[in-house]
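User: I would like to go through the nonpolar and aromatic side chains of this protein. Could you take me through them?

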Amino acid sequence: MTDHVSTEGQTAQPDSPGGALGTSLKPRHITMISIAGVIGAGLFVGSANAIKEAGPAVLISYFMAGTLVVLVMRMLGEMATANPDTGSFSVYSDRALGGWAGFSVGWLYWWFWVLVIPVEATAAAAILSDLVGAPQWVWALAVTLLLTVTNLISVGNYGEFEFWFALIKVVAIIAFIGIGIAAILGLIPDSQVSGIDQLWQPDGFMPNGFGAVIAGMLVTMFSFMGTEIVTIAAAESPDPTTGISKAVNSVIWRISLFYIGSIFVIVALMPYDKLENGSYQSTLEAIGIPGSKIIMDLVILTAVASCLNSALYTASRMLFSLGDRRDAPRAVRKLTGNGVPWVAVLASMVVGFLAVVGNYLLPEKIFSYL
(Lines give C-alpha, C1' and ligand atoms only; values in the text may rest on other atoms or scores of the structure.)
Protein backbone atom coordinates (compact mmCIF):
# COMPACT_ATOMS: atom_id res chain seq x y z
CA MET A 1 0.00 0.00 0.00
CA THR A 2 3.00 2.30 0.25
CA ASP A 3 2.74 3.28 -3.43
CA HIS A 4 -0.15 5.54 -2.51
CA VAL A 5 2.02 7.79 -0.38
CA SER A 6 4.53 10.26 -1.70
CA THR A 7 7.81 11.14 -0.03
CA GLU A 8 6.20 14.28 1.34
CA GLY A 9 3.74 12.25 3.36
CA GLN A 10 0.86 13.47 1.19
CA THR A 11 -1.48 11.17 -0.66
CA ALA A 12 -0.39 11.11 -4.28
CA GLN A 13 -3.04 11.69 -6.92
CA PRO A 14 -1.64 11.05 -10.38
CA ASP A 15 -4.99 11.04 -12.12
CA SER A 16 -6.78 13.73 -10.11
CA PRO A 17 -7.27 17.22 -11.57
CA GLY A 18 -5.82 18.98 -8.53
CA GLY A 19 -2.74 16.77 -8.22
CA ALA A 20 -2.56 16.35 -4.44
CA LEU A 21 -4.26 17.53 -1.28
CA GLY A 22 -3.43 21.09 -0.29
CA THR A 23 -0.91 22.00 2.39
CA SER A 24 -2.30 25.37 3.47
CA LEU A 25 -2.89 24.53 7.13
CA LYS A 26 -0.57 26.79 9.15
CA PRO A 27 1.21 25.84 12.39
CA ARG A 28 -1.23 27.98 14.40
CA HIS A 29 -4.12 26.09 12.77
CA ILE A 30 -2.64 22.72 13.73
CA THR A 31 -1.96 23.94 17.27
CA MET A 32 -5.50 25.19 17.78
CA ILE A 33 -7.04 22.13 16.11
CA SER A 34 -5.09 19.95 18.52
CA ILE A 35 -6.30 22.03 21.47
CA ALA A 36 -9.91 22.26 20.28
CA GLY A 37 -10.09 18.59 19.42
CA VAL A 38 -10.12 17.81 23.11
CA ILE A 39 -12.94 20.30 23.87
CA GLY A 40 -15.99 18.76 22.24
CA ALA A 41 -19.54 20.03 22.52
CA GLY A 42 -20.14 16.97 24.70
CA LEU A 43 -18.07 18.55 27.49
CA PHE A 44 -20.58 21.40 27.82
CA VAL A 45 -23.72 19.40 27.04
CA GLY A 46 -23.08 15.87 28.32
CA SER A 47 -21.04 16.45 31.47
CA ALA A 48 -24.16 17.04 33.60
CA ASN A 49 -25.37 13.50 32.80
CA ALA A 50 -22.02 12.02 33.78
CA ILE A 51 -21.95 14.00 37.02
CA LYS A 52 -25.49 12.91 37.94
CA GLU A 53 -24.48 9.31 37.23
CA ALA A 54 -21.26 9.15 39.24
CA GLY A 55 -21.44 12.15 41.59
CA PRO A 56 -18.14 13.89 42.47
CA ALA A 57 -16.39 10.61 41.61
CA VAL A 58 -16.96 11.55 37.98
CA LEU A 59 -13.45 12.99 38.31
CA ILE A 60 -12.24 9.38 38.31
CA SER A 61 -14.35 8.72 35.20
CA TYR A 62 -12.71 11.63 33.38
CA PHE A 63 -9.27 10.61 34.62
CA MET A 64 -9.72 7.04 33.35
CA ALA A 65 -11.16 8.15 30.03
CA GLY A 66 -8.43 10.76 29.66
CA THR A 67 -5.75 8.14 30.36
CA LEU A 68 -7.12 5.96 27.55
CA VAL A 69 -7.11 8.94 25.18
CA VAL A 70 -3.50 9.77 26.10
CA LEU A 71 -2.40 6.19 25.43
CA VAL A 72 -4.24 6.02 22.11
CA MET A 73 -2.89 9.40 20.99
CA ARG A 74 0.68 8.43 21.90
CA MET A 75 0.40 5.28 19.81
CA LEU A 76 -1.37 7.04 16.94
CA GLY A 77 1.15 9.87 17.12
CA GLU A 78 4.03 7.44 16.64
CA MET A 79 2.45 6.04 13.48
CA ALA A 80 1.32 9.41 12.15
CA THR A 81 4.77 10.94 12.65
CA ALA A 82 6.41 8.11 10.75
CA ASN A 83 3.81 8.17 7.93
CA PRO A 84 1.58 11.27 7.87
CA ASP A 85 -1.52 10.40 5.85
CA THR A 86 -4.99 11.90 5.58
CA GLY A 87 -6.39 8.37 6.04
CA SER A 88 -4.61 8.12 9.40
CA PHE A 89 -5.48 5.00 11.40
CA SER A 90 -7.55 3.53 8.56
CA VAL A 91 -4.40 3.45 6.40
CA TYR A 92 -2.34 2.04 9.26
CA SER A 93 -4.95 -0.70 9.84
CA ASP A 94 -4.81 -1.49 6.13
CA ARG A 95 -1.04 -1.85 6.15
CA ALA A 96 -0.77 -3.81 9.39
CA LEU A 97 -3.84 -6.06 9.32
CA GLY A 98 -4.97 -6.14 5.69
CA GLY A 99 -7.49 -4.52 3.37
CA TRP A 100 -10.51 -5.74 5.34
CA ALA A 101 -9.35 -3.78 8.42
CA GLY A 102 -8.67 -0.56 6.53
CA PHE A 103 -11.99 -0.86 4.72
CA SER A 104 -13.99 -1.49 7.90
CA VAL A 105 -12.27 1.16 10.02
CA GLY A 106 -12.42 3.76 7.25
CA TRP A 107 -16.10 3.34 6.40
CA LEU A 108 -17.21 3.10 10.04
CA TYR A 109 -15.27 6.25 10.88
CA TRP A 110 -16.71 8.06 7.87
CA TRP A 111 -20.24 7.02 8.83
CA PHE A 112 -19.72 8.18 12.42
CA TRP A 113 -18.75 11.70 11.33
CA VAL A 114 -21.42 11.82 8.63
CA LEU A 115 -24.02 11.25 11.35
CA VAL A 116 -22.39 13.87 13.57
CA ILE A 117 -22.94 16.52 10.86
CA PRO A 118 -26.79 16.55 11.04
CA VAL A 119 -26.76 16.16 14.83
CA GLU A 120 -24.58 19.26 15.25
CA ALA A 121 -26.44 21.18 12.54
CA THR A 122 -29.72 20.48 14.33
CA ALA A 123 -28.25 21.49 17.70
CA ALA A 124 -26.91 24.75 16.21
CA ALA A 125 -30.25 25.43 14.52
CA ALA A 126 -32.16 24.93 17.77
CA ILE A 127 -29.89 27.38 19.64
CA LEU A 128 -30.05 30.01 16.88
CA SER A 129 -33.80 29.65 16.55
CA ASP A 130 -34.17 30.23 20.28
CA LEU A 131 -31.75 33.19 20.34
CA VAL A 132 -32.68 34.97 17.12
CA GLY A 133 -35.97 33.51 15.94
CA ALA A 134 -36.90 32.12 12.49
CA PRO A 135 -37.80 28.48 11.82
CA GLN A 136 -35.30 25.83 12.85
CA TRP A 137 -34.90 24.45 9.32
CA VAL A 138 -33.76 27.87 8.05
CA TRP A 139 -30.85 27.92 10.46
CA ALA A 140 -30.02 24.27 9.76
CA LEU A 141 -29.80 25.12 6.05
CA ALA A 142 -27.76 28.28 6.67
CA VAL A 143 -25.21 26.57 8.93
CA THR A 144 -24.90 23.57 6.61
CA LEU A 145 -24.44 25.73 3.50
CA LEU A 146 -21.93 28.05 5.17
CA LEU A 147 -19.61 25.33 6.38
CA THR A 148 -19.94 23.37 3.12
CA VAL A 149 -18.85 26.41 1.12
CA THR A 150 -15.94 27.23 3.42
CA ASN A 151 -14.70 23.63 3.30
CA LEU A 152 -14.93 23.62 -0.52
CA ILE A 153 -12.81 26.75 -0.98
CA SER A 154 -9.59 25.52 0.68
CA VAL A 155 -8.30 23.52 3.62
CA GLY A 156 -6.93 26.82 4.93
CA ASN A 157 -10.54 28.01 5.35
CA TYR A 158 -11.31 24.99 7.51
CA GLY A 159 -8.19 25.75 9.55
CA GLU A 160 -9.07 29.43 9.93
CA PHE A 161 -12.64 28.75 11.05
CA GLU A 162 -11.42 26.07 13.47
CA PHE A 163 -8.73 28.40 14.81
CA TRP A 164 -11.29 30.99 15.92
CA PHE A 165 -13.82 28.42 17.12
CA ALA A 166 -11.05 26.83 19.19
CA LEU A 167 -9.88 30.15 20.59
CA ILE A 168 -13.37 30.97 21.85
CA LYS A 169 -13.70 27.55 23.51
CA VAL A 170 -10.27 27.81 25.13
CA VAL A 171 -10.92 31.33 26.47
CA ALA A 172 -14.35 30.23 27.77
CA ILE A 173 -12.95 27.21 29.62
CA ILE A 174 -10.04 29.16 31.14
CA ALA A 175 -12.40 31.96 32.21
CA PHE A 176 -14.78 29.42 33.75
CA ILE A 177 -11.96 27.77 35.72
CA GLY A 178 -10.69 31.18 36.86
CA ILE A 179 -14.14 32.28 38.05
CA GLY A 180 -14.68 28.89 39.71
CA ILE A 181 -11.40 29.03 41.64
CA ALA A 182 -12.25 32.57 42.78
CA ALA A 183 -15.61 31.28 44.04
CA ILE A 184 -13.98 28.32 45.80
CA LEU A 185 -11.62 30.71 47.59
CA GLY A 186 -14.54 32.95 48.58
CA LEU A 187 -13.36 35.90 46.48
CA ILE A 188 -16.76 36.54 44.82
CA PRO A 189 -18.99 38.34 47.38
CA ASP A 190 -22.38 37.59 45.77
CA SER A 191 -21.68 33.91 45.10
CA GLN A 192 -24.13 31.42 46.58
CA VAL A 193 -21.44 28.73 46.59
CA SER A 194 -17.88 28.51 47.88
CA GLY A 195 -15.35 26.02 49.21
CA ILE A 196 -15.06 22.37 48.17
CA ASP A 197 -17.59 20.79 50.54
CA GLN A 198 -19.67 19.44 47.67
CA LEU A 199 -16.92 16.94 46.86
CA TRP A 200 -18.30 14.76 49.68
CA GLN A 201 -21.78 16.23 50.17
CA PRO A 202 -24.55 15.17 50.46
CA ASP A 203 -23.84 11.44 50.00
CA GLY A 204 -20.06 11.15 49.91
CA PHE A 205 -17.50 11.29 47.11
CA MET A 206 -18.77 8.14 45.40
CA PRO A 207 -22.52 8.15 46.18
CA ASN A 208 -23.54 5.51 43.62
CA GLY A 209 -20.60 3.14 43.90
CA PHE A 210 -17.74 2.31 41.55
CA GLY A 211 -20.14 0.84 38.99
CA ALA A 212 -21.54 4.33 38.46
CA VAL A 213 -17.99 5.60 37.87
CA ILE A 214 -17.61 3.08 35.03
CA ALA A 215 -21.05 4.05 33.67
CA GLY A 216 -20.01 7.71 33.87
CA MET A 217 -16.88 6.84 31.90
CA LEU A 218 -19.06 5.61 29.03
CA VAL A 219 -20.67 9.07 28.90
CA THR A 220 -17.38 10.95 29.23
CA MET A 221 -15.77 9.07 26.33
CA PHE A 222 -18.12 10.84 23.92
CA SER A 223 -16.74 14.16 25.12
CA PHE A 224 -13.29 13.22 23.81
CA MET A 225 -14.38 12.58 20.21
CA GLY A 226 -12.26 14.53 17.78
CA THR A 227 -8.95 14.27 19.63
CA GLU A 228 -7.55 12.23 16.74
CA ILE A 229 -8.45 14.79 14.05
CA VAL A 230 -5.08 16.51 14.37
CA THR A 231 -3.32 13.44 12.92
CA ILE A 232 -5.58 13.69 9.87
CA ALA A 233 -5.32 17.46 9.52
CA ALA A 234 -1.54 17.55 9.97
CA ALA A 235 -1.13 15.63 6.71
CA GLU A 236 -2.29 18.82 4.95
CA SER A 237 0.26 21.06 6.60
CA PRO A 238 3.77 21.91 5.31
CA ASP A 239 5.44 20.18 8.30
CA PRO A 240 3.15 17.36 9.49
CA THR A 241 5.77 15.65 11.68
CA THR A 242 6.35 18.71 13.87
CA GLY A 243 2.62 19.46 14.10
CA ILE A 244 1.72 15.93 15.18
CA SER A 245 4.59 15.75 17.71
CA LYS A 246 3.56 19.00 19.43
CA ALA A 247 -0.12 18.04 19.49
CA VAL A 248 0.42 14.57 20.92
CA ASN A 249 2.95 15.72 23.52
CA SER A 250 0.55 18.37 24.81
CA VAL A 251 -2.49 16.10 25.11
CA ILE A 252 -1.87 15.36 28.81
CA TRP A 253 -1.96 18.98 30.00
CA ARG A 254 -4.89 19.76 27.70
CA ILE A 255 -7.00 16.99 29.20
CA SER A 256 -5.89 17.88 32.73
CA LEU A 257 -6.74 21.57 32.34
CA PHE A 258 -9.83 21.62 30.17
CA TYR A 259 -11.59 18.50 31.39
CA ILE A 260 -10.47 17.56 34.87
CA GLY A 261 -9.88 21.20 35.86
CA SER A 262 -13.30 22.47 34.82
CA ILE A 263 -15.18 19.40 36.11
CA PHE A 264 -13.38 19.74 39.47
CA VAL A 265 -14.71 23.30 39.76
CA ILE A 266 -18.26 22.08 39.09
CA VAL A 267 -18.33 19.15 41.52
CA ALA A 268 -16.48 21.15 44.20
CA LEU A 269 -19.05 23.95 44.13
CA MET A 270 -22.33 22.28 43.12
CA PRO A 271 -24.39 19.36 44.51
CA TYR A 272 -24.14 16.65 41.87
CA ASP A 273 -27.95 16.29 41.73
CA LYS A 274 -28.68 20.02 41.28
CA LEU A 275 -27.57 20.68 37.71
CA GLU A 276 -30.94 21.29 36.07
CA ASN A 277 -29.61 23.79 33.52
CA GLY A 278 -26.46 21.89 32.64
CA SER A 279 -23.28 21.69 34.67
CA TYR A 280 -21.57 24.87 33.46
CA GLN A 281 -24.64 27.10 33.32
CA SER A 282 -25.88 25.94 36.73
CA THR A 283 -22.48 26.66 38.26
CA LEU A 284 -22.25 30.15 36.73
CA GLU A 285 -25.78 30.96 37.91
CA ALA A 286 -24.95 29.82 41.45
CA ILE A 287 -21.80 31.96 41.43
CA GLY A 288 -23.96 34.90 40.36
CA ILE A 289 -22.64 35.60 36.86
CA PRO A 290 -25.26 37.67 34.98
CA GLY A 291 -26.44 36.41 31.59
CA SER A 292 -25.19 32.88 32.27
CA LYS A 293 -27.69 31.31 29.87
CA ILE A 294 -26.76 33.58 26.97
CA ILE A 295 -23.05 33.08 27.64
CA MET A 296 -23.36 29.29 27.66
CA ASP A 297 -25.65 29.28 24.61
CA LEU A 298 -23.00 31.18 22.65
CA VAL A 299 -20.17 28.95 23.90
CA ILE A 300 -22.15 25.79 23.10
CA LEU A 301 -23.03 27.22 19.67
CA THR A 302 -19.33 27.76 19.01
CA ALA A 303 -18.52 24.23 20.17
CA VAL A 304 -21.28 22.81 17.96
CA ALA A 305 -20.11 24.81 14.92
CA SER A 306 -16.54 23.65 15.57
CA CYS A 307 -17.65 20.03 15.78
CA LEU A 308 -19.72 20.34 12.58
CA ASN A 309 -16.80 21.98 10.78
CA SER A 310 -14.43 19.23 11.87
CA ALA A 311 -16.97 16.50 11.11
CA LEU A 312 -17.27 17.61 7.48
CA TYR A 313 -13.52 17.98 7.09
CA THR A 314 -12.73 14.62 8.68
CA ALA A 315 -15.45 12.67 6.87
CA SER A 316 -14.42 14.06 3.48
CA ARG A 317 -10.73 13.27 4.03
CA MET A 318 -11.47 9.72 5.18
CA LEU A 319 -13.69 9.18 2.12
CA PHE A 320 -10.92 10.60 -0.07
CA SER A 321 -8.45 8.16 1.47
CA LEU A 322 -10.86 5.25 0.92
CA GLY A 323 -11.13 6.23 -2.74
CA ASP A 324 -7.36 6.41 -3.00
CA ARG A 325 -7.15 2.81 -1.78
CA ARG A 326 -9.96 1.73 -4.13
CA ASP A 327 -12.28 1.05 -1.18
CA ALA A 328 -14.65 3.79 -2.41
CA PRO A 329 -15.64 5.04 -5.90
CA ARG A 330 -12.65 6.67 -7.59
CA ALA A 331 -14.70 9.82 -8.23
CA VAL A 332 -14.23 10.89 -4.60
CA ARG A 333 -10.54 11.54 -5.41
CA LYS A 334 -11.33 14.53 -7.62
CA LEU A 335 -9.69 17.73 -6.37
CA THR A 336 -10.11 21.43 -6.93
CA GLY A 337 -7.18 23.61 -7.91
CA ASN A 338 -6.62 24.32 -4.19
CA GLY A 339 -6.31 20.63 -3.40
CA VAL A 340 -9.79 20.20 -1.87
CA PRO A 341 -11.53 16.83 -2.49
CA TRP A 342 -14.78 18.49 -3.58
CA VAL A 343 -16.64 15.29 -4.48
CA ALA A 344 -15.81 13.79 -1.09
CA VAL A 345 -16.97 16.99 0.67
CA LEU A 346 -20.31 17.03 -1.16
CA ALA A 347 -20.84 13.29 -0.70
CA SER A 348 -20.23 13.65 3.03
CA MET A 349 -22.76 16.48 3.25
CA VAL A 350 -25.66 14.51 1.76
CA VAL A 351 -26.88 13.33 5.18
CA GLY A 352 -26.41 16.86 6.51
CA PHE A 353 -28.77 18.29 3.91
CA LEU A 354 -31.28 15.52 4.63
CA ALA A 355 -31.30 16.83 8.20
CA VAL A 356 -32.50 20.19 6.86
CA VAL A 357 -35.55 18.40 5.50
CA GLY A 358 -35.95 16.68 8.86
CA ASN A 359 -35.81 20.04 10.65
CA TYR A 360 -38.61 21.26 8.38
CA LEU A 361 -40.86 18.21 8.77
CA LEU A 362 -40.10 17.16 12.38
CA PRO A 363 -38.35 20.04 14.18
CA GLU A 364 -39.21 18.68 17.65
CA LYS A 365 -38.17 15.08 17.00
CA ILE A 366 -35.29 15.13 14.51
CA PHE A 367 -32.55 15.50 17.12
CA SER A 368 -33.68 12.48 19.17
CA TYR A 369 -34.12 10.44 15.96
CA LEU A 370 -30.57 11.20 14.89
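**Core, rings and surface**

Analyst: Phe44, Ile263 and Tyr280 touch the most other members of the largest nonpolar core, which has 103 residues. Such a core is a set of buried Ala, Val, Leu, Ile, Met, Phe, Trp, Tyr and Cys residues joined through side-chain atoms within 4.5 Å. Buried means under 20% relative accessible area, exposed over 50%, and partly exposed in between (1.4 Å probe, protein chains only). The model is predicted: local features need pLDDT of at least 70 and side-chain atom pairs count only at pLDDT 80 or more, while totals for chains, interfaces and linings use all residues. Residues are numbered from 1 along each chain as its sequence is written, and side-chain values use heavy atoms, with hydrogens and water left out.

User: Which helix gives the most to this core?

Analyst: Helix α13 (residues 292-324) does, with 16 residues. Helices are DSSP runs (H or I, at least four residues), numbered from the N terminus.

User: And what is isoleucine 263 in contact with?

Analyst: Neighbours within four places in sequence aside, isoleucine 263 contacts Leu43, Ser47, Val58, Leu59, Tyr62 and Tyr280. Contact here means heavy atoms within 4.5 Å.

User: Turning to the rings, how many aromatic pairs are there?

Analyst: There are 12 aromatic pairs in the structure. Rings of Phe, Tyr and Trp (its six-membered ring) pair if their centres lie within 6.5 Å; planes under 30 degrees apart are stacked, over 60 edge-to-face, and the rest tilted. One of the pairs joins tyrosine 62 and tyrosine 259, which are tilted, at 5.8 Å centre to centre and 40 degrees between the planes. Tyrosine 62 is in helix α3 (residues 58-82) and tyrosine 259 in helix α11 (residues 251-269), so this pair ties together parts 197 residues apart in sequence. Both tyrosines are buried.

User: What about phenylalanine 161 and phenylalanine 165?

Analyst: They form an edge-to-face pair, 6.0 Å centre to centre with 65 degrees between the planes. Both lie in helix α7 (residues 155-184), four residues apart, about one turn of the helix.

User: Is phenylalanine 165 buried or exposed?

Analyst: Phenylalanine 165 counts as buried because its relative accessibility is 15%. Phenylalanine 161, at 27%, counts as partly exposed.

User: Which rings are linked into a cluster?

Analyst: Ring pairs link Phe89, Tyr109, Phe112 and Trp113.

User: Where does tyrosine 369 lie?

Analyst: Tyrosine 369 is in helix α15 (residues 366-369). It counts as exposed because its relative accessibility is 55%.

Terms used: Helix = DSSP H or I, 4+ residues; strand = E, 2+ residues; numbered from the N terminus.
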